[in-house]
Amino acid sequence: MSYYIDIQNATNESLPVREDEIIRLASLALRDYQQEAELTVRLVTPEEMIHLNHTYRKQNKTTNVLAFPSELPPEIQLECPLLGDVIICPQVLLEESKQLKKTLESHWALILIHGILHLLGYDHIKDDEAAIMQAIEIKLLAELGFPNPYDAEGNELE
């Protein structure tokens with residue numbers, strides 16, 4: 001397996017998790033679906049996340065993660081498939097982990113895996129799609145030693 005994961009820190013803060021941990025989590029999320037892949041993990045301020053969320057989702061608020069799958073024309077063939085970009089707001093993850101009474105590490109793992117699954121085509125708009133996506137997240141988090149983050153209704157546990 002060959003993964004190229006570009007990590008961009010667009011905040012003035014040091015990375016809240018080590019780069020090698022981000023790469024490890026991303027590789028785990030990709031392992032069963034892509035033998036080769038390239039993607040960007042960009043860490044942003046709440047202000048940048050609000051701008052992106054407003055521009056692309058018409059929601060004028062921050063969020064923890066956004067995923068932008070690559071949409072290359074079919075005639076462009078790359079040696080390594082370009083999946084797209086996962087945008088994460090570390091400040092939101094920190095606040096959510098405190099609110100949910102979860103470790104920052106477990107919440108980072110969930111959110112990064114969640115964003116990468118979006119790049120792979122998974123979604124959670126419909127209940128059946130959400131169940132599939134959450135089952136994958138639960139399985140991968142268990143491999144990392146983290147508990148199931150969801151209740152029976154699929155809501156993130158506190």
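How many bridges join β3 to β4? Five of them do, and the two strands run antiparallel. Before going on, a word on ground rules: this is a predicted model, where local features need pLDDT of at least 70, side-chain atom pairs count only at pLDDT 80 or more, and totals for chains, interfaces and linings use all residues. Residues are numbered from 1 along each chain as its sequence is written, and side-chain values use heavy atoms, with hydrogens and water left out.

Let's start with the sheet. Four strands make it up, in the order β1-β2-β4-β3, and it is an open sheet with mixed pairing. Strands here are DSSP runs of E with at least two residues, helices are runs of H or I with at least four residues, and both are numbered from the N terminus. Two strands pair if DSSP finds at least two bridges between them. At the edges sit β1 (2–9) and β3 (65–69), each pairing on one side only. From one strand to the next, the twist averages 15°.

Now look at how the strands line up. Strand β2 (residues 36–43) and strand β4 (residues 82–88) pair in the parallel sense, over six bridges. You can find Glu 38 standing opposite Leu 82 in β4. Over on the antiparallel side, β3 and β4 are joined by five bridges, and Val 65 stands opposite Ile 88 in β4.

Two helices pack on this sheet. Helix α1 (residues 19–30) touches β1, β2 and β4, and its direction makes about 135° with that of β1. Helix α2 (residues 46–57) touches β2, β3 and β4, and its direction makes about 50° with that of β3. Those angles run from 0 to 180 degrees between N-to-C directions, with axes fitted as lines to C-alpha atoms, for helices over the stretch in contact. Contact, or touching, means heavy atoms within 4.5 Å.

How covered is the sheet? Take β4: five of its seven residues are buried. Buried means under 20% relative accessible area, exposed means over 50%, and partly exposed is in between (1.4 Å probe, protein chains only). Thr 40 counts as buried because its relative accessible area is 13%. Leaving aside neighbours within four places in sequence, Thr 40 is in contact with Asp 6, Gln 8, Gly 84, Asp 85 and Val 86. As a rule for regular strands, side chains alternate between the two faces of the sheet.

Next comes the start of the chain. Met 1 has its place in the segment before β1, and with 63% relative accessibility it counts as exposed. Setting aside neighbours within four places in sequence, Met 1 is in contact with Arg 31 and Gln 35. The C-alpha atoms of Met 1 and Arg 31 are separated by 7.6 Å, although the two are 30 residues apart along the chain. Gln 35 has its place in the loop between α1 and β2, and it counts as exposed at 52% relative accessibility. Not counting residues up to four places away in sequence, Gln 35 touches Met 1, Ser 2 and Tyr 3.

Which residues does UniProt give as "binding site"? They are His 114, His 118 and His 124, in an unreviewed entry. UniProt positions are in the numbering used here, feature names are shortened, and annotations may be inferred rather than shown by experiment. The lining of the largest pocket takes in His 114, His 118 and His 124. On a 1 Å grid over the protein atoms alone, a pocket is an open set of points with protein on both sides within 12 Å along at least five of seven lines, and lining residues have an atom within 4 Å of a point.

His 114 is buried, with a relative accessible area of 13%, and His 118 counts as buried at 19%. Not counting residues up to four places away in sequence, His 114 touches Val 65, His 124, Met 133, Glu 137 and Tyr 150. By the same rule, His 118 touches Ala 67, Pro 69, Asp 123, His 124 and Met 133. As for α4 itself, 14 of its 16 residues are buried. Just after α4, Gly 121 takes a positive phi of about 105°.

Technical notes:
On a 1 Å grid over the protein atoms alone, a cavity is a set of points where a 1.4 Å probe fits but cannot get out, and a pocket is an open set with protein on both sides within 12 Å along at least five of seven lines; lining residues have an atom within 4 Å of a point.
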